[in-house]
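Please have the viewer open.

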Amino acid sequence: MFIVAAAVLVSALAWGCGGSGSPDRGELKQVQGLVVEVVARNIDEVETLGVRDVDGRVWTFTTQGYAGFTPGHLREHQLFGDRVVVYFREGSGSEDGRLVAVRFADARD
């Protein structure tokens with residue numbers, strides 16, 4: 001009985017941490033690189049973020065709210081050349097074709 005209860009609890013937590021739980025939200029992917037552009041929507045949210053990966057490709061992201069770093073913090077990464085990790089999904093519906101950043105994190109060496 002304990003094993004079944006634990007499995008249900010883990011499943012509920014995993015579903016709850018996954019956002020809306022909607023299957024059309026897209027699978028999370030990640031890219032790591034240097035910040036090359038930051039456009040703020042407001043003091044807490046990023047409108048556009050450009051990140052250059054190790055292969056030289058520039059990825060352009062948008063957000064739908066606060067994603068873990070403020071635009072000012074991302075500008076510090078840009079200034080000091082500190083890499084970031086962007087967890088994102090490919091947009092669907094009204095955001096079709098856009099890369100939507102869900103969370104930003106410091107890159108670990």
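A nonpolar core is a set of buried Ala, Val, Leu, Ile, Met, Phe, Trp, Tyr and Cys residues joined through side-chain atoms within 4.5 Å. This is a predicted model, in which local features need pLDDT of at least 70 and side-chain atom pairs count only at pLDDT 80 or more, while totals for chains, interfaces and linings use all residues. Residues are numbered from 1 along each chain as its sequence is written, and side-chain values use heavy atoms, with hydrogens and water left out.

Q: Which residues of the largest nonpolar core touch the most other members?
A: They are L49, F61, L74, V84, V86, F88 and F104, out of 17 residues in that core. The elements that give two or more residues to this core are strand 1 (29-40), strand 2, strand 3, strand 4 and strand 5 (99-106). Helices (H or I, at least four residues) and strands (E, at least two) are DSSP runs, numbered from the N terminus.

Q: In what order do the elements of the protein chain run from the N terminus on?
A: The order is α-β-β-β-α-β-β, with two helices and five strands in the chain.

Q: What pLDDT does the protein chain average?
A: The average is 81, and 71% of the residues score at least 70; pLDDT is the predictor's confidence in each residue, from 0 to 100. Over residues 4-24 the pLDDT is below 50, and this stretch has four contacts in the model beyond near neighbours in sequence. A contact here means heavy atoms within 4.5 Å. Where pLDDT is low, the predicted coordinates should not be read in detail.

Q: Why is V51 called buried?
A: Its relative accessible area is 0%, and buried means under 20%, exposed over 50% and partly exposed in between (1.4 Å probe, protein chains only). So V51 counts as buried. V51 lies in strand 2 (residues 46-52) and touches Q32, G33, L34, V36, R57, V58, W59, F61, V84 and V86, leaving out residues up to four places away in sequence.

Q: What makes V38 count as buried?
A: V38 has 11% relative accessibility, so it counts as buried. This residue of strand 1 touches T48, L49, P71, L74, R75 and Q78, not counting residues up to four places away in sequence.

Q: How do you know whether T63 is buried or exposed?
A: The relative accessible area of T63 is 4%, so the residue is buried. T63 is found in strand 3, and its C-alpha is 8.8 Å from that of R103, 40 residues apart in sequence.

Q: Why is L28 called partly exposed?
A: L28 has a relative accessible area of 47%, so the label is partly exposed. It sits in the loop between helix 1 (2-17) and strand 1. The C-alpha atoms of L28 and F88 are 5.3 Å apart, although the two are 60 residues apart in sequence. Not counting residues up to four places away in sequence, L28 touches Y87, F88, R89 and V102.

Q: How many aromatic pairs does a search of the whole structure find?
A: The search finds four. Rings of Phe, Tyr and Trp (its six-membered ring) pair if their centres lie within 6.5 Å; planes under 30 degrees apart count as stacked, over 60 as edge-to-face and the rest as tilted. W59 and F61 form a stacked pair, with 6.4 Å centre to centre and 5° between the planes.

Q: Why is the pair of W59 and F88 called tilted?
A: The ring centres are 5.7 Å apart and the planes stand at 55°, so the pair is tilted. W59 lies in strand 3 (residues 58-63) and F88 in strand 4 (residues 84-90), so the pair ties together parts that are 29 residues apart in sequence. Both W59 and F88 are buried, and W59, F61 and F88 form one aromatic cluster.

Q: What lies over the face of W59?
A: R57 does, at 3.6 Å from the ring centre. A charge sits over a ring if NZ of Lys or CZ of Arg is within 6 Å of the ring centre and within 35 degrees of the ring normal. R103 lies over the face of Y87, at 4.1 Å from the ring centre.
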